[in-house]
Amino acid sequence: MGGHGPVEKPKDFKATWARLIRYARAYLPAIIISLVAAAFGTTLQILGPDRIKNMTNEILRGLPALVNGVPVMGAIDMGAVSRIAWSLVALYCCSIVLSFAQSYIMATVTQRLTKGMRTDISRKINRLPFRYFDKTSYGDVLSRVTNDVDAIGQTMQQSLGSLIAAITMFIGSLFMMLKTNWIMALTAVGTSFIGFMLMMLIVKRSQKYFTVQQRELGVINGHIEEIYSGHNVVKAYNGGAGAKKTFEAINQKLYRSGWISQFLSGLMMPLMGFVGNLGYVAVCVVGASLAMNGRIEFGVIVAFMIYIRLFTQPLSQIAQAFNNLQRTAAAGERVFEFFDENELPDERHKLSLPERVKGDVEFRHVNFGYVPEKTVIHDFSAEVKAGQKIAIVGPTGAGKTTMVNLLMRFYELDGGEILLDGTPISEVPRENVHEQFCMVLQDTWLFEGTIKENIIYAKQGVTDEDVVSACKTAGLHHFIRTLPDGYDTVLNDKASLSEGQKQLMTIARAMIQNAPLLILDEATSSVDTRTEVIIQEAMDKLTAGRTSFVIAHRLSTIRNADLILVMRGGDIVESGSHEELLAGGGFYAELYNSQFES
């Protein structure tokens, strides 16, 4: 008990555990067998002291004794002692076998259960709409996959068996003590009750300090992360002294709460030892008095010395097991809340687009808002012919990236339609819509693997010649040849690639996808001017023959676009070619000229 902080309380303990049991119903027979094995194994341990009592009495009967002051030689019945000893060996061996079986079954069940739960979470993630991730942090989702599932698995594997064994041990040892001698049983229970009350008092006292410790730990972690992530700013503005002073104040609070909570929790084991020793003394005194009066045999005292340990030991185990059950219920609530989130509707009944679309796109009075209360796109209409290069420009927050998200069907429209080759994309499965696009974004997403695997990604039937051809077109082949392992070079923390090289790699990936439509979202915003020229040449080759949607803040990169859509406040305020918009002297001309003013 002592080393743990406050436990997060579930909203509905019973309902969550009932649902967790239903979720694990396929494994219930195995779990029940495991718990029964734990109970029987513990019961066999409880029977041991009674056998030891009989053995002690048999030995004492055979020892020399004084009768009227005259020594009388005894004779130990070794046959009876031997039979009792072998029965003890059999009891404890069976107990070990049952404990092993219980551990083996629960380890197998929990690993299969948690594996299935992680699989279900992974499948659920793929069925969730993007709106869910707008309101939920990725860290929260990852915490459900890792921490919460692990908490459920650990409790299923350890705490359930421990709880059943501890309860069995507690009730069984109490029953055996009452059966053996009720006076000594009440003595043992009384001393244990005193210790239990002291333990509860300490737990109640230390709980608030554990809460403060966890809170201050979160504060100090946030402060350290903030200071070190902004280390340059702290140095530049000579804020080191103030940051140090703040840190020391938080650290002092953490030290005080941590010291008190750990000190109080550290009293648990000595206290339990004291209660056990007090019980031994009480049993010895009362037992000796009863033995002197001839009311009990000496073996009863020996048995009670063991029963006291068996009786007091489960108290802390039961308390810790209930804490773990609460922690698991809280974790289970988060997992089941995730499972209960609204999913994307099933679209298997919808018909797919032709294998190769031309690339005509039409926006008809598109209306959309990430939340119903705030509309982002008000009345967007535009018509794009196959093979055209369309640039979408505008200030931050105008709705440029939102239009791309809607085009890819990452979100559903609130009003209007988007048509691809005359077919509304709402009537086509999402996966089929995604197949028509290749993308090059501002964030160059690469995973750990070889360069070839990163370029091919999810595309099937790609040959090595296709990869080399795409990299030559993107201007990346020469650089890859200079690497020690060429296309088999593994991209990880040790591989140093510039932003431009990463961007060229994503362009090569888009070439491999060879989709009829292309999206370029701020693809050159994070590179220098010289690298921008190289990437721009690669993108010009990529856009050839494809309907392309280009989002750019650097307006110099979209001067050759067939059509420029100027967005402001979720609406198209201007459209036309670069020369036409400049000649018009409107909002686009204002944006363009502002980038070249001295």
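Q: Given that a strand is a DSSP run of E at least two residues long, with strands numbered from the N terminus, which strand gives the most to the lining of the largest pocket?
A: In this predicted model, the strand is β8, which contributes five residues to the lining of the largest pocket. β8 spans residues 437-441.

Q: How do you know which residues belong to the lining of the largest pocket, and which of them are the closest to its centre?
A: A residue counts as lining if it has an atom within 4 Å of a point of the pocket. The lining of the largest pocket holds 36 residues, and the closest to the centre are M408, F410, F437, M439 and Y457. The volume of this pocket is about 1300 Å³. Elements that each supply at least two lining residues include α4 (130-135), α11, α12 (430-434) and α16, together with β8.

Q: What is F549 in contact with, once its neighbours within four places in sequence are left aside?
A: With contact taken as heavy atoms within 4.5 Å, F549 touches V361, F363, V384, I390, I392, L407, L517, L518, I519 and L520. As for A18, 531 residues away along the chain, its C-alpha atom is separated from that of F549 by 51 Å.

Q: What makes β5 and strand β12 a pair, and in which sense do they run, parallel or antiparallel?
A: Two strands pair if at least two bridges are found between them, and β5 and β12 (residues 547-551) are joined by four bridges in the parallel sense.

Q: Why are β8 and β14 called edge strands?
A: β8 and β14 each pair on one side only. They stand at the two ends of an open sheet of six strands with mixed pairing, in the order β8-β11-β12-β5-β13-β14. From one strand to the next, the twist averages 20°.

Q: How do you know which helices lie across strands of this six-stranded sheet, and at what angle does α11 run to β12?
A: Helix α11 (residues 400-407) lies across β5, β8, β11, β12 and β13, and its direction is at about 145° to β12. Helix α19 lies across β5, β13 and β14, running at about 95° to β13. The buried residues of α19 (residues 587-594) are F587, Y588, A589, L591 and Y592, and their cover includes β5 (389-393), β13 (563-568), β14 (571-576) and α18 (578-584).

Q: What makes the pairing of β6 and β7 antiparallel or parallel, and how many bridges join them?
A: Strand β6 (residues 415-420) and β7 run antiparallel, and the two bridges between them meet the requirement of at least two for a pair. The bridge partner of L419 is P424 in β7. These strands belong to an open antiparallel sheet of four strands, ordered β4-β3-β6-β7, whose edge strands are β4 (377-384) and β7 (423-424). α11 packs on this sheet as well, touching β3, β4 and β6 with a direction at about 115° to that of β3.

Q: What is the phi of H365, and why is H365 called buried or exposed?
A: The phi of H365 is near 50°, a positive value in a residue other than glycine. Exposed requires over 50% relative accessible area, and because H365 reaches 52%, H365 counts as exposed. H365 is found in strand β3 (residues 361-368).

Q: What makes a set of residues a nonpolar core, and which residues have the most contacts inside the largest one?
A: Such a core joins buried nonpolar residues, Tyr and Cys being counted with them, through side-chain atoms within 4.5 Å. The largest has 45 residues, and those with the most contacts inside it are I507, I558, I564 and Y588. Helix α16 (residues 499-513) gives the most to this core, with seven residues. A second, separate core of 34 residues includes V384, I390, L407 and M567.

Methods
Residues are numbered from 1 along each chain as its sequence is written. This is a predicted model: local features need pLDDT of at least 70, side-chain atom pairs count only at pLDDT 80 or more; totals for chains, interfaces and linings use all residues. Side-chain values use heavy atoms; hydrogens and water are left out. Buried means under 20% relative accessible area, exposed over 50%, partly exposed in between (1.4 Å probe, protein chains only). Axes are lines fitted to C-alpha atoms, for helices over the stretch in contact, and angles run from 0 to 180 degrees between N-to-C directions. On a 1 Å grid over the protein atoms alone, a cavity is a set of points where a 1.4 Å probe fits but cannot get out, and a pocket is an open set with protein on both sides within 12 Å along at least five of seven lines; lining residues have an atom within 4 Å of a point. Grid points are joined across faces, edges and corners, and a volume is the space filled by probe spheres set on the points.
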